[in-house]
Structure formats: structure tokens, C-alpha cells
Amino acid sequence: MITQEQKTAGPVQAQEIKHRSFDRPVQWGIFILTLILVIFPAWPIILQSVMDRPLYDPTRSLTFNNFARILTNSEFWGVLGGTLLYAVVSTVISVIVGASLAILLTRTDMPGRKWFANLIVIPFYVSPLILAFAWIIVFGPQGYFTNLIRNLGLPTWDLYSIAGISVVTATYYMPYAYLYCTSSLALADPQLESAARIAGSGPIKALWSVTVPLMRPALVFSTLLILVSTIELLSIPLVLGTPTNINFLATYVYTNGIVGVRTDYGGIAVIALLTVLLVTGLVALQNKMVAQERRFVTVGGKAARPRILKLGGLRWVFFVLVLLYVIAAIVLPLLGILAQAFTAILSPYINPLSVVTLDNFSLILDTPAYSQSIVNSVLIAVVGGAIGVLFMALCALTVYRSNLKLRKALGYLALYPRAFPGIIVGIGFLWAFLLIPGIGAIRNSIWVLALAYIMRHLPLGFTSISPSILSISNELDRAARVSGATWLGVARSIILPLLRPALLATYVLLLITFLKEYAVALFLFAPGSQVIGTTLIELWRQGNSGPISALATIQLIITFLIVILSRKVLGVKIYDK
Amino acid sequence: MNELVVQGLNKTFGAVKVIQDVSFKVAAGSLTTLLGPSGCGKTTTLNCIAGLESPDKGLIRVGDLVLNDMSRHHNLPPEARQLGMVFQSYALWPHMTVRDNLNYGLRLKKVKQAEANRRIKDVLEMVGLGELSGRYPFQLSGGQQQRVALARAVVTQPRLLLLDEPLSNLDAKVRENARAWLTEFQKRLGITTIYVTHDQSEALAMSDMIAVMSKGKLIQYGPPGEIYEHPTSRFVAEFIGDTAFLEGTIAGQTNGGVVVQLHGNQSLTVDTDQPWRTGATATVTIRSERVEVDTEKRHQSNIIEADVRTSLYLGAKWQHTVETLAGEMKVETLSAINTNKLWLYIPPTAMILMAPEEARSEEAAPSIP
Ligand SMILES: Nc1ncnc2c1ncn2[C@@H]1O[C@H](COP(=O)(O)OP(=O)(O)OP(=O)(O)O)[C@@H](O)[C@H]1O
Ligand SMILES: [Mg+2]
């Protein structure tokens, strides 16, 4: 029967529709753009690492001396060792504190949990640069609180030490560990704990033997994330370490790359490259361990009410401990920076109300170079962030929802900037601009910064949008395709509208991140394109803590306005993952 | 006419051959079911037809429109194929009302709005949802969503309608109504339809033709009656209906049949139009509902002795698992039985003989010459 039909089916003069759409060009465009964006800052660094003279010097020639020089330099090894020590100490503190807070605030009956939950994530919104200044104002050698303690005749501490730097860094990254652990606790199926209870274990034992192990993926993930971020972090070590000459990789690259009299370009390139390799290794390790940790992922399905552990009398002990932590690490520093901004001098010896002034603010707002930096930061965040979200969304759509052959590769590309510390992205872009002739015209524009920011934070946006794309059934796109829509048509009319909440959340995340960003800009900014972060560092060089605090206060106000507006008006939750 | 021709379809995922040389033809206006166990490649076949997957080899044509001709690297994207499709999850766009869901494809086909409105109204009335056009999908029941999905699939007047287990998310009762309703709807529109299911009763009830698939191959293709009455392989017989397989050897010839000697020194006369050599081994295929339970041993021949193992009360009938010397099988009675020993009478016309290689498993070659 079939044979007969096959005969007639064969050489029918079939009508064929030639089909044309922009789908492929757009997908390829996104791929190529991402590729360029990732390669752009990388290649001048690679090139420079094997050149004996600066890239702009036409007499340069190939050499491997740079590697030899750096790898035999004991100072470099000292810096590397110090960096690793600092990174490990900061990471351990922030993960332990973050995980403990996550359990205390979500699974026990400790009083004031709601309040604390809002307070302890504040450092997430604050630039680490500002956090460092804030700590100096309160806990620095001449800090307000330090002086108070000293007056009581009690021993004080040294903030300008590896320990001090680590504690401040840990405070800054603690919210990351806290947020990952909280969401993993929220996903864990409470029935698992119930099963342990029925099997005969007490409430604390059940929490400890079932729920805490289930946090392992979150712990592993946040540990490596914070480790990587700490190695990349410039601001806190720079501000706290410079007075006592403590150097880590990021500060070493910065001070030698920018301030040095005779800049050793080759050496910087080698150190930058080695840092990127180190971070790449850690990121790869992170991916591998996270993949292995799959077995701990429980599919909760329904969001059931978690079991609450009754702490009894201990609940007040924990309450006091958490309260002390929040006051010392978050409230006091931020109050300090506010007080400093509104006073001529902040000291326990002087009644602050007698020296209240707005001079610090007028200095910032009346100096065009300073006020310009606020405008620039906001412009880059608002416009660059919007362009960034769109680009990152299209990127994620191409990776997860197209049949482009290279979509897997695009996924890796989009995540690769994770291995680039901000300072190195800045150097890379700067050198690339030096190399490309005739590009001077746009060199001073803030959009160069926006481009570099987008590159640096591509992984952030990509990973923030991806889960939402994956949670949209692909039958929805398929139904639209069958209805006659092209891939782009589906993206426009089906997926992007459904992604609206995720896109808004990512946009707010980028707004905050771009406002905080300073490391990328340090090398890249030019007169006219300074941003808040670069101005803060400039003011810090001049040693003006009043204006620093005023500018920091302005940035904090802008950030919190964004957060509150987005929550109240748009209903956006940034870290609800 | 929009008949569908699928010819030499092949698809691999990595190293796994998910579809192997699948060919069939669906007459214009008829409904063909792709039937088979989970993972046999039904959805993949459907997706190849829809253009959602691209096959490695093969030709797919609807009427005079060639959808795929892989030998010439011709592969239309889904949006150019003029198809309608209903997905297992219905895939109604949650941010659009029922009306907008239906309008979407019409707008893309540049149908004038007045005409579009008329068609949407007609189709919604046809599926009995005229008043619900302003609702969002989450405001509809499962059955209503399923009908909206169907309306959306046909409102563009596609050449071909593809349905991937559209009833599997419905409750048993709703499903049975939907079955009848859907068949009637399809006949009324006269639209060429491919229907994917792994539910054999659904396939038997709804189809003009059934294509039974297994492990990416087309095992048997024919009308429901033929598939049920004359399975050409043990796989098909096993997959459709409760079937017992008893091994035996051909002991002699009768008028219009053969005598099969079973284990345990029992024999059955089986009607067959195939020539069977005496002494050959054969498998007797028996449908449980064709077996008559004969407690008093009224029949003289074609009777075998059985011990009752378990009895299940199914409401309208009883189902017993019984053991004979030749093997285990299932039988049905209308009322409870209270003995442990039974006699089973199997009419000569109720059995099919299969050669061992045919009967062995689903590896059997498809019945396509
Ligand atoms: N994208 C893919 N990559 C790899 N293998 C796949 C992919 N899609 C399907 N398969 C495999 O192809 C085989 C056929 O899948 P298909 O979805 O067509 O089965 P099905 O007959 O529709 O099953 P079900 O009744 O469960 O829906 C399965 O073994 C499946 O695991
Ligand atoms: Mg399927």
C-alpha cells in the first residue's frame, strides 16, 4: 500500500516557498558582537605581555622576558601569597556569617527576623569604596569609635592590616552568601526535615543533618564566587592597605599601572594575564563543583511553609549577637559617613551639632568636574543599563532558544568576562583604544565606559535573565513559530513580554551595579567622563574625607531611591531567585 | 488536496537514531494517529513535520507544498509551513486573551481585521467558547484551554493539523467527551490531521489510520480494525489490547486452518489463511476478551485447562489472571467465579498465528514491502 503511494509522492512539481527572515543575521550579529566585546580588552593584554616596549611604540618587538622577570620577582610572589591569604580569610568569614544568618533568619524563631533580613543585605547596594571610607571614619586609627574606645583606656585595633581589610571585605560580600543560602533553604523541601523528625531525630539534629547539607551547593557556589570577587576587589584593599603599604594583585596592578613613574607595561600585562588565569581556574572549578553538587538539589515544587526551630531562651542570645553585628558592621559605618558628610569635622571631642554644615555638598555640586561625575554615573547606569539588558536578553535568547550552531559557545563567551577583574577590563579597553588609530574622537566619551561596563557585567545580566527564560515553556515559542512568527517575532511578541519582570529586575540590578562600578573606569576615564567612583578616589588622594562622604551620601541616596522606587512602583525583587 | 506524505524520514540526536526510515501517507481530510510507547519518537516525528526539528534525511510534503526535502537541503522554517498545532501543555500565551491568542496567527498572515474577527468568532463558537474571548488563559479550565488551543490551531485555516497528546492533561471523564467531540470537529472541518498519543483506546476510537511506532521505526500502518484484528507482530498485539502468547508447534492441517500442539499436551485449532508447515514452531496470539470461560466444559475442542491465580473486580466485569500448562493469560467474566479450576474455550477465529521471529519482539520488520 505504501509502496504505491511512494511512487506518486515522488516527482510531483512541488511548490516551494523561498523563505527569508532576519533571524539568522540577528543571531550571528549577537554572537559576533559578544565575541568582539570579550576579545576587545583581552587581546592587547596578551599582546603586551610578549612585547618589550609599550604597544604604542612602533619599535616594540617580541620577547618572553616579561614572564621571566615577573615570575622571578619575589615581590610578585609576596603579593600573590598575601592576596590568597586575604581572599581565603575574607571568604571564610563572609560565608560562615552569611550561612548562619540565613539559618537564623529563615528557620528559627529569633526575634526581629524581618527587620534584620532587610538590614543585613544593605552592603549589597553600597559600593565597596564607600564601605571602606565608612569604616575608616568609624573604625580607622583616628575613627570616631576607635577614639571613643581609646579614651576609655581600652586596647584598639588596626584597621589598616590584612585582618582589618579582610573583615571589611567579608562584611561587603556577606550578603551574597546570605542570599544564596536563603534561597537554597527556601527551595529545600520541608518534608525532608519532617522525614528526619519521624525517623527519630530532634529538631536541631534534623536541621543540622538534613537541611544544612542541602545548603552545600549554595555554600560551594558562594564560597567560590566570593573568593573570585575578593581577588578582583580593588577598592577596600586600596583604601585600607595603602597607608601601610599592603599590596594585593588588584592594587598592585593599579598602583604600578597608573601611578608608577616609569610604567612597566609588559610586567603589568603579565600580572593581569596571570590574574585572569587564576580566576579562570577558580571559575572553572566553581562550575565543576556546582555540576557535581546537583545531587543535593531538591525539587521542592510547591513552596511549603518551612519548619521553624524553637530556640527557647537562646533566641535572645542570638538576637543580641545579630544586633551587635548589624550595628557594628552596617549601621555605624553608614551613620558615620552621613555624619561626616554633614559636619565640618567629626570627632568625639566636638559636639557634631556645633559643626553642622552643607559645605561638603556645595563643594561637590559647585565643582563642575565633580558634579559632572554624578551626571555621568547616572547616565551610564540608566542608558547603558537599558542597552545592556536588551543585549543580555537577546544573548540569552540566542543561547537558550535558537538553533544557531554556535549557541553553546555563545553561552560560554557570555560568561567569560567573569574571569576579568574590573581593573583589567579597564586596562584592556584603554590599551585597545591606544592601538586602534582614529578612535580618539570617542575615547573621551562616557559611552566607552558604558561599553566596558556592559562587557564586564555581561555574566551578571546573563545569569540573572537565564533562569526566567528557562522557566518559560518552549512550547510557547513553538506554538508561535507554527502560527507563522519568525524567531525575532516570537522574541518580540511572546518571550520578551513574558520576561518583563525578569528584565526589570535585571535592569535594576544593572543600575545599582553600574552606579557602584569604579574599577573599570579608573583606567578608562578621561577629563569629562569621570564617574562617581573615580571622583571618590581622586578626593581620597587629596585626603578630603568631608567631600568624599558627601559624594558617597549622594550615591547612597540615588541607589536607595532606585531600590525603593523599583520595589514600590514596579514591584521588582532583585535577588528573589 | 492536502494529503501528507512522509518519506524516508531519519533523525538522530547525537549518536542515537530517534527516527529510522519512517514513511507514511495521510489522505486529505483524514486523521492518522501516531501510536507507540513513551520515547518511541512520536513527538520527534511530529516536530519534524512542524519544522521544529530538522530531520537528517527524508521528504515531507503537504499537497503541493514541500516542507522538507533533505536531499536538496530544503527545510522550511516552521513559520512558513502553514500548519496548525496543539501542544501537550496547550501553550496558550499567558499574557494574551483568548481572542489575542487566536488573532496572533491571523495578524501574521495579514488577514484583514474584519475577516479575522469573523473567523475568530466562528471558530470560538464552534468550540463552544463564544463568550470567553476576553478571558486570559489562567481564567479557563483545563478542558476550555484545550479547546482554545484547538481553536487557535485551526483559525488560520492550516493545511495540516498536528496534535501532540492534546487530551493527556484532562481528567478521565472530560477526556472521553473530548475524544468524541474532537473527532467530530475534525470531520466537520475536513482537515488533514496527525494525532499523537500513547493511549491505544484513544487511537482506536478516533483514527482513520494508525501508525504504530516503536524505537523510532514504523511497525505497522493500517486502519484501526486491521491493527486490532490483524497485528503483524507481537509488539503490536501486545501494545494494543490484553494479549496472551502461547508457544506451540504445528501438529496438522485442517480445513482452513492448522492444529497447534501446545505445551502440556493440549492442542488448539486455529483458522489461518497462511500456509503453515507441519512441525514448524509458532506462537498463538489470543485476545483476552475473545476467550470464553467455560466452567462446565460444554465445548469439546479448543479447550484448555487453567488455574485461577488472581481475580480483579473491575465494575462491569471481572478480570482473572489464569495459568495454563502452556503459559499465563488474562480472561474476563461478567460475574464472579468460585472455582479454582476453569476451562477456557478459544474460538478458532479468535487467534492469530505468528512465526517465532515475527513474534519475538518489536524488532520485527515493519509490514511495508
Ligand atoms: N533534543 C533531544 N536530544 C536528545 N535526545 C532527544 C531529544 N529529544 C528527544 N530525544 C530522544 O528521542 C527519543 C524520542 O523522543 P520523543 O519525544 O519523540 O518521544 P515520544 O514518542 O514523543 O515519547 P512520549 O510519549 O514520552 O512523549 C527519546 O528517546 C528521547 O529521549
Ligand atoms: Mg511526546
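Hi everyone, and thanks for coming. A word on conventions: residues are numbered from 1 along each chain as its sequence is written, chains are lettered from A and ligands numbered from 1 in the order in which they are written. Since the model is predicted, local features need pLDDT of at least 70 and side-chain atom pairs count only at pLDDT 80 or more, while totals for chains, interfaces and linings use all residues; side-chain values use heavy atoms, with hydrogens and water left out.

Let's start with chain B as a whole. It has nine helices and 21 strands; these are DSSP runs, H or I over at least four residues for helices and E over at least two for strands, numbered from the N terminus. Along the principal axes, the C-alpha atoms of chain B fill a box of roughly 75 × 50 × 35 Å. Of its 369 residues, 54% count as buried. Here buried means under 20% relative accessible area, exposed means over 50%, and partly exposed is in between, with a 1.4 Å probe and protein chains only. Chain B exposes about 16000 Å², and carbon and sulfur atoms supply 49% of that; accessible areas come from the Shrake-Rupley method with a 1.4 Å probe, and for residues only the protein chains shown count as cover. If you take contacts (heavy atoms within 4.5 Å) in chain B between residues at least 6 apart in sequence, 64% join residues at least 24 apart.

Now to ligand 1. Which residues are around it? The shell includes B:Phe13, B:Val18, the run from B:Ser38 through B:Gly39, B:Cys40 and B:Gly41 to B:Lys42, then B:Thr43, B:Thr44, B:Glu165 and B:His198; the cut-off is a heavy atom within 4 Å. Helix α1 of chain B, residues 42–50, gives the largest share of that shell, three residues. For polar contacts, the rule is a pair of N or O atoms within 3.5 Å; within protein, one must be able to donate a hydrogen and the other to accept it, and residues adjacent in sequence count only if both atoms are side-chain atoms. A polar side-chain atom of B:Thr44 is 2.5 Å from an oxygen atom of ligand 1. For B:Lys42, an N or O atom of the side chain is 2.8 Å from a ligand oxygen, and for B:Glu165 the distance from a polar side-chain atom is 3.3 Å. On its own, ligand 1 has 640 Å² of accessible area, and the protein covers 57% of it.

B:Lys42 also turns up in another list. B:Leu34, in strand β3 of chain B (residues 31–35), touches B:Lys42, and its other contacts beyond four places in sequence include B:Phe24, B:Ile194, B:Val196 and B:Met213. B:Leu34 counts as buried because its relative accessibility is 0%.

On to charges. How many salt bridges does the structure hold over all chains? There are 26, each being a side-chain nitrogen of Lys or Arg within 4 Å of a carboxyl oxygen of Asp or Glu. In chain A, A:Asp477 pairs with A:Arg401, with the closest N and O atoms 2.6 Å apart. A:Asp477 is in helix α23 (residues 474–482) and A:Arg401 in helix α18 (residues 368–401), so the pair ties together parts 76 residues apart in sequence. Both partners are buried, A:Asp477 at 8% relative accessibility and A:Arg401 at 13%. In chain B, B:Glu115, B:Arg118, B:Arg119 and B:Asp122 are linked in a network of salt bridges.

B:Arg152, in helix α4 of chain B (residues 142–154), is a contrasting case. This residue is buried yet has no salt bridge, and the nearest side chain of opposite charge, A:Glu475, is 7.9 Å away. (Lys and Arg count as positive, Asp and Glu as negative; His and the chain ends are not counted.) Among its contacts beyond four places in sequence are A:Ala479, B:Tyr90, B:Trp93 and B:Asn101.

Last, some backbone angles. Most residues other than glycine have a negative phi. B:Gln82 is not a glycine, yet its phi is positive, about 55°; it lies in the loop between β6 (74–75) and β7 (83–86) of chain B. B:Lys110 also has a positive phi, near 60°, and sits in the loop between α2 (98–108) and α3 (113–126). Buried or exposed, then, for B:Lys110? Exposed, because its relative accessibility is 72%.
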